[in-house]
Amino acid sequence: MSSPTVLFDIPGPRARRRHRIGTFVGGLVVLALIGLALWRLGSNGQLDPARWAVLFDPNSGVPQAFGNALVNTLQVAAVAMVAATLLGALLAVGRLSDHRWMRTPVTLVIEFFRAVPLLILILFCLLYLPTIGLEIDPFGALALGLTLYNMAVLAEIFRAGILSVDRGQREAASALGMRKYQVMTLVLLPQAVRRMLPVLIAQLVVLLKDSSLGFIVGYFELLRQARSLVEFFNFKFGDIYTFQLYVAAALIYIGINLVLSWLARAIERRTRRNKKAAATPPAELPADVQMGGGGGLVPHV
Amino acid sequence: MSFLADNFDLLRDAFLTTLSLAVLSGIFALVLGTLLTAMRVSPVKPLRAAATFYVEVFRNTPLTVVFFFLAFGIVEIDLQFPSRFITAVAALSLYTAAFVSEALRSGINSVPPGQAEAARALGLDFRQTLTTIVLPQAFRTVVPPLGNVWIALAKNTSIAAGFAVTELAAALVRLSNQNADQLLTVFLAIVAAYLVITLPSAWLIGVIERRTAIIR
């Protein structure tokens, strides 16, 4: 249903008046909510410019601290994303293998890591691995946990991408005498990756969101940094910058992710215009995968 | 095994907390998500804009940040939830509602426009088109995505552990602090407890999907 107008007649004068009244009332409700929030903030003195200035004042050390935390966040996300992409591609190929001894264990691995909550995986890396002699810091645990679960999610995404390449491509490659690994690496994967690029970037948004679990396991990413800044400032000046610091941390997350989402959409539009990759189904992450934490268990399509 | 039996009370309470977190948040998220979807397809522009804004913001915010704000942020503006459990339910519902709305919208979009056009051509009005043609088909395509959102929600309840709700992940941390030698057993038990929620859900969704499937 591309447009909702197919559902009803083009509005006549009376319907248009109803819509205008609805627009007016709806606008009032939205404005009232915004006003209520501002009043609530104002009456608690949270809108005082001096309280917000601390965020941009280099002497307070806040911009530097957030800068470092942002680098930490991006670092763990980058490591996990690269590792998860490589392992995910391997697992996807493994799951599409013709041999059962390959397919079955790979499928089990993928399903297991999709079924376990991400936080439990990270805690497992952090708490259990040291007891068997593998020293691991919060960064390692977070990166490893994120890698393991994203690899399973990405494997499913890659598999869908490989299967979505037209069957004729594989058949033609086989008819030319290519071996199975050649068909996969020279013909199927390049086309699949091209189609999956927007989805990969969208998955990066999910991964960045999940990196905030570092807060719970004690890794100094944005949230944990905000918390420790608050503790520091509360000790020195009392409880006056708390709200501002939290809002700043949240806005940094939202800002990066909005830019990435926008990038994913822009690339998708470009791919759609490209004739070689034309007629691809719209590449969008399913709602449950966007939620992070590994998403659901029921196969998509 | 005797170790698990010794801590049976803690594990059972934690499991029930996780389950009730998931169920309550699921219900609230479904209600709020449906409301948001209705706003997003409505002809009233401010409502449409407000709902789109809500979904965009929550899609790009980590769930941990939502928890964080409801637990530590809103105290600063003199608001507070009566208990930690309710804070967790609120955070999970607000976050999940955005994704319920996404799933529902993609379900409605998946009904081919020809269906609604044919209904209109047959003389059905707006209400009839929606209730007898579009929504029944949309509901069927929406079963797997909504089910997956439910499973993801059940797994996401683990984040409440970071905010002082004693559910399964928190029980895991508590037990592992006391009994370093039994760590693997504890992990297996906790993972099994999550699987008890997610695997039957996945199976049930599969059954409903097959029952309601339509060939296009």
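1. A word on contacts before we start: two residues are in contact here if their C-beta atoms, placed from the backbone, lie within 7 Å. Please also keep in mind that this is a predicted model. With that in hand, look at chain A, where A:Ile110, A:Phe113 and A:Arg114 of helix H4 meet A:Leu148, A:Tyr149, A:Ala152, A:Val153, A:Ala155 and A:Glu156 of helix H6. By class, this contact of H4(A) with H6(A) has seven nonpolar residues, two charged ones and no polar ones.

2. H4(A) covers residues 100–115 and H6(A) covers residues 138–164; their axes come within 8 Å and cross at roughly 120 degrees. The two helices are therefore oblique to each other, and H4(A) passes H6(A) in a left-handed crossing.

3. Staying in chain A, you might pick out A:Leu204, which sits in helix H8. Is A:Leu204 buried or exposed? It counts as buried, because it has 23 C-beta neighbours inside 10 Å, and the cut-off for buried is 20 or more. Leaving aside residues up to four places away in sequence, A:Leu204 touches A:Met81 and A:Leu260.

4. Now to chain B as a whole. Its secondary structure comes to nine helices and zero strands, and the C-alpha trace spans about 70 × 45 × 25 Å along its principal axes. Of the 216 residues in chain B, 47% are buried. Among contacts in chain B with a separation of 6 or more, 75% join residues 24 or more positions apart.

5. Helix H2 (residues 8–41) and helix H7 (residues 126–156) of chain B have axes that come within 9 Å and cross at roughly 135 degrees. That angle makes H2(B) oblique to H7(B), and the crossing is right-handed. On the H2(B) side the contact is made by B:Ala22, B:Ser25, B:Gly26 and B:Ala29, and on the H7(B) side by B:Trp150, B:Leu153 and B:Ala154. Sorted by class, that gives five nonpolar, two polar and no charged residues.

6. Most residues other than glycine have a negative phi. B:Ala164 has a positive phi of about 60 degrees although it is not a glycine. This residue is exposed, since 12 other C-beta atoms lie within 10 Å.

7. Between the chains, the contact takes 54 residues from chain A and 64 residues from chain B. On the chain A side, helices supplying at least two residues each include H1 (13–43), H5 (118–128), H8 (180–210) and H11 (242–273). H11(A) gives the most, with nine residues. By class, the side of chain A that touches chain B has 32 nonpolar, 19 polar and three charged residues.

8. A helix pair across the two chains shows a further arrangement. H5(A) and H8(B) pack at an angle of about 10 degrees with their axes 10 Å apart, and are therefore roughly parallel to each other. Their crossing is right-handed. A:Leu119, A:Ile120, A:Leu123 and A:Leu127 of H5(A) make the contact with B:Ala169, B:Leu172, B:Val173 and B:Ser176 of H8(B). These residues divide into seven nonpolar, one polar and no charged.

9. Finally, the nonpolar core. The largest one has 143 residues, and the members touching the most others are A:Leu119, A:Ile122, A:Leu123, B:Val149, B:Leu172 and B:Ile190. Which helix gives the most to this core? H6(A) does, with 15 residues.

Key:
Residues are numbered from 1 along each chain as its sequence is written. Chains are lettered from A and ligands numbered from 1 in the order in which they are written. This is a predicted model: local features need pLDDT of at least 70, side-chain atom pairs count only at pLDDT 80 or more; totals for chains, interfaces and linings use all residues. Axes are lines fitted to C-alpha atoms, for helices over the stretch in contact, and angles run from 0 to 180 degrees between N-to-C directions. Helices (H or I, at least four residues) and strands (E, at least two) are DSSP runs, numbered from the N terminus. Angles under 35 degrees count as roughly parallel, over 145 as roughly antiparallel, 65 to 115 as roughly perpendicular and the rest as oblique. A crossing is left-handed if the near helix is turned anticlockwise from the far one by less than a right angle, and right-handed if clockwise. Ala, Val, Leu, Ile, Met, Phe, Trp, Tyr, Cys and Pro count as nonpolar, Asp, Glu, Lys and Arg as charged, and the others, Gly among them, as polar. A nonpolar core is a set of buried Ala, Val, Leu, Ile, Met, Phe, Trp, Tyr and Cys residues joined through C-beta atoms within 7 Å.
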